[in-house]
Structure formats: structure tokens, C-alpha cells
Amino acid sequence: MRYLLLILLSIACITPAHAQNDFCSIRNASFNAGESITFKVMYNLGKMYVGAGEAIFTVNLERFANRDVYHIVGDGRTFRAYDWIFKVRDKYETFLDTATMQPLKFLRNVNEGGYKIYNNVVFNQAAHQAVSTNGTFPVPPCVQDVISSIYYARNIDFSKAQEGDKIPFAMFLDDQVYNIYIRYLGKEEVNTRFGKFRAIKFKPLLIKGTIFEGGEKMTVWVSDDANKVPLRIESPISVGNIIVDMVNYTNLRHSFTSLLKQR
């Protein structure tokens, strides 16, 4: 039921870095302050999928540490009808430097069935350090957090990727650096609860010893247009399968040209 983290990690895994220079020099051209995207989480029960919760991602322009930042919030929760089974109230925040697309601060505040985690991380990108609630940790140059990586990924030039490419990425989460990678699978059309899209497709690959164990079982699609909006995530879970679909959006920066037919 830790579905917001599943969303974040699976989308975050699409972030490619073909070269370190590219990795550290991305500029935002895919989203604006004021953007909001809503995802619906569905679990399969036998032969049918049932909506159990949602996650909403919002972007605002603010000031932090004397810099202009995108304050991005991912807020996830189970629907009230399912709270009695397993109540989830998760909130993730990043403060992303608008000039460098590197995170300056990350907050994780989750309550999942009574299991609570709080972590406040301040990144010193120049010193390659992350100072969290639990201590100070070394990090690689231009490291991303789990939220910032989603928005960083949306600015990648995917035309440089070849089908089958393995694309590495470093992310800081739970006071650890995870060296992860994905396999780029090319482009295809995908049908979602929102409609039919032209999409870019990925499968997160596994690295032994990290949280990504179990094979290439998760599939991610993002819109094949200038917005690169996450559209769908499919993955098996311990019991059954899960689908996460984009179901609503406001204030996209560009026209949603990948949308072929809306339901």
C-alpha cells in the first residue's frame, strides 16, 4: 500500500544521464509554476481493477536560500473508503533550483498504516553533501531526490537514447545514494483511463542490493511531447498488480500534443 513511494520511485527511474556534463546542465523547458497533475492508483481484485487512492503533484515558484526555486509537492492518500484497511497519508516536497534543476531541500513526511517517517534533507551541492534529520552524508555531483528527479527527467532529450539503452542515475533517499538504471524501450501508443497517447516507454532495471529487486517487472510510460508527463505505471505487487494512471492536469507548459483521443 505504499503506493505514493511506488509512483515516485518508478517515475524517478526514468531519469537518464548519458554523460555527466549533460546530467549537470539540464535546463527546464517542460513545466511551469502552477502545474498540477493527479494520478489514480488502482489495484486488481480478481479480474477487475479498483481505485484505492490518488497522488497529486503541484508546482509553485518560491524563494529558498536566496534563490528562486520550484517548490514541488507530491501528496498521496488512500480514499476514505479504504482507510479502514490501510490508511495512507504521504507527503513529499522538494525545493528545486530553477537555474540548475538541482534540489536544495527535500522533505519526506509519511504515515502508512500508522508507520511514520519524517526526514528533512538539505543538499549542499557544492560540497557534495546531504544533511538530513539523521546526519550528514556524502553524495555524488548533481544528485537528485525522489521528487526532483521526476521533474529533471521531463527535460531530457530522449532523441539521444537508442532502444535497449541502459541509462544510469544516482538518487538520494532514506539517507542512502542509490545507483539505479533503466532500459529505454522506445515509443508506442498507450491506452489509459484518461485516453490514448503517443508515449515513451521504459522498464526500470534492477541492481542487486538496492530497493529495486525482482527483475524488469515495472513499466513506465511518459507523454511523447514537450511536457513529458507521466501517463501510466504498471507493476506486480506481492498480491496481484497495480496500475497508476494520470487522470487530471492543469496548467501544462505546452500543448498536450501526444493525446490522440480523450475518453
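Is Phe-172 buried or exposed, and what is its relative accessible area? In this predicted model, Phe-172 is buried, at a relative accessible area of 2%. Its aromatic partner is Phe-137: the two rings sit 6.1 Å centre to centre, with 50 degrees between the planes, which makes the pair tilted. Phe-137 belongs to strand E8, residues 135–138, and Phe-172 to strand E9, residues 166–173, so the contact ties together parts that are 35 residues apart in sequence. Phe-137 counts as partly exposed, because its relative accessibility is 22% and the cut-off for buried is under 20%.

Next, another pair. Phe-31 and Tyr-151 have ring centres 5.0 Å apart and planes at 75 degrees, so this one is edge-to-face. Both residues are buried. Phe-31 is in the loop between helix H2 (20–23) and strand E1 (36–45), while Tyr-151 is in helix H4, residues 148–153; the two are 120 residues apart. The count for the model is 12 aromatic pairs. There is also an aromatic cluster, formed by Phe-194, Phe-197, Tyr-249 and Phe-256.

Now strand E5, residues 103–112. Of its 10 residues, 8 are buried, so the strand is largely enclosed by the rest of the structure. On one side, E5 runs antiparallel to strand E4, residues 88–97, through 9 bridges. Val-110 in E5 has Asp-90 opposite. The E4–E5 hairpin has 5 residues between the strands, and Met-101 there takes a positive phi near 60 degrees.

E5 also pairs antiparallel with strand E6, residues 115–124, through 8 bridges. Here Asn-111 stands opposite Lys-116 in E6. This hairpin has 2 residues between its strands, and Gly-113 in the turn has a positive phi of about 65 degrees.

How values were computed. Residues are numbered from 1 along each chain as its sequence is written. This is a predicted model: local features need pLDDT of at least 70, side-chain atom pairs count only at pLDDT 80 or more; totals for chains, interfaces and linings use all residues. Side-chain values use heavy atoms; hydrogens and water are left out. Rings of Phe, Tyr and Trp (its six-membered ring) pair if their centres lie within 6.5 Å; planes under 30 degrees apart count as stacked, over 60 as edge-to-face and the rest as tilted. Helices (H or I, at least four residues) and strands (E, at least two) are DSSP runs, numbered from the N terminus. Buried means under 20% relative accessible area, exposed over 50%, partly exposed in between (1.4 Å probe, protein chains only). Two strands pair if DSSP finds at least two bridges between them.
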